[in-house]
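Please open the structure in your viewer and keep the sequence beside it.

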Amino acid sequence: QVQLVESGGGLVQPGGSLRLSCAASGFTFSSYAVRWHRQAPGKERELVATIGSGGGAYYGDSVWGRFTISRDNAKNMAYLQLNSLRPEDTAVYYCNTGRAYAYWGQGTQVTVSS
């Protein structure tokens with residue numbers, strides 16, 4: 001069956017870094033673009049970054065220059081490198097892919113606080 005499992009979240013101080021991972025199984029991962037979204041308490045879900053099946057990447061304005069999305073199709077993995085983290089980056093981060101972006105992971109919590 002289709003599975004997306006995120007990992008790598010945690011508590012980090014402002015200015016710190018984290019690397020989120022998304023492990024995919026049960027479908028042809030390499031055929032689809034991958035998105036990372038985030039949702040903070042009381043806020044709407046926000047699209048953070050997208051990477052196409054061919055590797056082209058796109059970022060939301062709020063994370064431009066600080067976050068990097070990547071993928072390893074041989075391992076069925078996607079990643080989101082978070083640098084220069086700010087308290088406003090605190091959210092649950094979700095991996096999303098598949099035909100019509102139908103597949104979602106359970107999310108991983110990122111908390112940026114001193």
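The stops that follow concern a sheet, a hairpin and several aromatic rings.

This is a predicted model, in which local features need pLDDT of at least 70 and side-chain atom pairs count only at pLDDT 80 or more, while totals for chains, interfaces and linings use all residues. Residues are numbered from 1 along each chain as its sequence is written, and side-chain values use heavy atoms, with hydrogens and water left out.

**The sheet.** Select β1, β3, β8 and β7, which in that order form an open, antiparallel sheet of four strands. Strands here are DSSP runs (E, at least two residues), numbered from the N terminus, and two of them pair if DSSP finds at least two bridges between them. At the edges stand β1 (3-7) and β7, each with a single partner strand, so one side of each has no neighbour in the sheet. On average, neighbouring strands of this sheet are turned by 15 degrees against each other, direction ignored; the axes are lines fitted to C-alpha atoms, and angles run from 0 to 180 degrees between N-to-C directions.

**Strand β7.** Select residues 67-72 next.

Opposite Phe67 stands Leu82 of β8, and opposite Ile69 stands Leu80. Four residues lie between the two strands of this hairpin, and Asn76 in the turn has a positive phi of about 55 degrees.

**Aromatic rings.** A search of the whole structure finds five aromatic pairs. Select Tyr59 and Trp64: this pair is edge-to-face, at 5.8 Å centre to centre and 80 degrees between the planes. Rings of Phe, Tyr and Trp (its six-membered ring) pair if their centres lie within 6.5 Å; planes under 30 degrees apart count as stacked, over 60 as edge-to-face and the rest as tilted. Tyr59 counts as partly exposed because its relative accessibility is 22%, while Trp64, at 62%, counts as exposed. Then select Phe27, Phe29, Tyr32 and Tyr103, which ring pairs link into a cluster.

Terms used:
Buried < 20%, exposed > 50% of the residue type's maximum accessible area, 1.4 Å probe, protein only.
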